[in-house]
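Grab a pencil and have a look at the model below.

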Amino acid sequence: KQKTAYEIGVRLVGSEMCIRDRLYAADLLGAALGCLAAVALLDATNLSAAAFAATAVAALGALAFRRAAGLSLGLAVPVTLVLALVAMAGNVRGEAVRVMYPKNRLAWNKPVLRSLWNSHAHILAFLPEVGPAFYWGGGDGATQFTNNQAFVVVDGEAGTPMTEWDGNPASLDWVSYDVTALPYQLRKAGRVGIVGVGGGRDILAAIWSRSPSITAVEINSNVVALLTEHSRRFTKIADHPGVTLVHDEGRAYLTRSREHFDVLQMSLVDTWAATGAGAFTLSENGLYTREAWKIFLDRLTPTGIISVSRWFSQGQASETSRLIALAVGALIESWRRSWVSASPHGARLVQSRDESALAWMWGRQRHGRRGGVDCRGDDLDDARHRCEPVGGRSVSRGAACLLYTSPSPRDGLLSR
């Protein structure tokens, strides 16, 4: 009897474990299929339609459980299923149910040209308006220009301008007044690589500099589609000879590529999608690592430069300090030189092997775009000596040299 009881107990435990394992396996399988389905639904429809599809699946599950338990189907669950399917079908066509306040901001506050969803982000392109040219950090004389431009918002937070262009590089002189155009003052008519296309502002700056080859890499296929399909005739960027738009992740593309660039540019590449408050924006992105910057430096020509833009505020320079610390680490490892400039709203880091060119670029930024003081010298010490009397300041740390404009930042990283 004891043996029989033992055998029965083992069988009961084994049966319960088998049921539990099967239930857990079904749960894992369902979660995996749900993840794949979410990506497919977002790529094919939109967030609201995907939410209604999830509601319909949950209603189907409820019906299956009621049937397995021997209960009647009732009325509430079938009605929920039908309503979810109807709402999903209707929202696929017209996006009647929308995300109005992503990150506590009203997104649909203007007439919308395009609303594009995928698993990366939600792209809202507003109808174009004629107004003052948009600049990330405009210089003296920038206010004289007007453009017809459509603003594009990514995930309700990150914005980028999409500008109407007639296809003539001579009409792009206005872009040279932006802080993000500084590398093209130094390396005109060179091969250009751009990470993060956005509305095409960096591409326009490269076209203005007469670059014969421009490779622009964008991770979001809908952003590429704006320039190649939906607004192709508006921007004319995709029709310009020499421009190649690549749908890929920037770091991965440059890792595989064997191209070398005279200018490698990365301007404000993030959407703050990972955190509602926008904290740690430099930490969430694999582009802002020493390993990534080593790849970037390896993709430069012997006189090539890297241009990286981040937000800058004199009262809160955390992003700028982090960017400079990252650049110093990468430069120490790679034995390059760097230069930093700042406008009231944007900070720009430029890296190069050509020290005298960096000193010249500093003098040009300090004294104006047209006809600045030439700070070039026979070597870096000579260039520093020429620049300091006119208000500049430099800090050397081993293989890294940072040149930046007065007044000196208060951050301890630069003041020591």
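Here are some ground rules, then the exercises. This is a predicted model, where local features need pLDDT of at least 70, side-chain atom pairs count only at pLDDT 80 or more, and totals for chains, interfaces and linings use all residues. Residues are numbered from 1 along each chain as its sequence is written, and side-chain values use heavy atoms, leaving out hydrogens and water.

**Exercise 1.** Find out which residues line the second largest cavity.

*Solution.* 
- Step 1: know your term. A cavity is a set of points on a 1 Å grid over the protein atoms alone where a 1.4 Å probe fits but cannot get out; lining residues have an atom within 4 Å of a point.
- Step 2: search the whole structure, and 3 cavities of 30 Å³ or more turn up.

**Exercise 2.** Work out whether the residues of helix α5 are buried or exposed.

*Solution.* 
- Step 1: buried means under 20% relative accessible area, exposed over 50%, partly exposed in between (1.4 Å probe, protein chains only). Helices are DSSP runs (H or I, at least four residues), numbered from the N terminus.
- Step 2: go through α5, where the buried residues include Arg201, Asp202 and Trp208.
- Step 3: conclude. In α5 (residues 201-208), 8 of the 8 residues are buried, so the rest of the structure largely encloses this helix.

Definitions and conventions. 1 Å grid on protein atoms, 1.4 Å probe; cavity = no way out; pocket = protein on both sides within 12 Å on 5 of 7 lines; lining within 4 Å. Points joined across faces, edges and corners; volume = space filled by probe spheres on them. Helix = DSSP H or I, 4+ residues; strand = E, 2+ residues; numbered from the N terminus.
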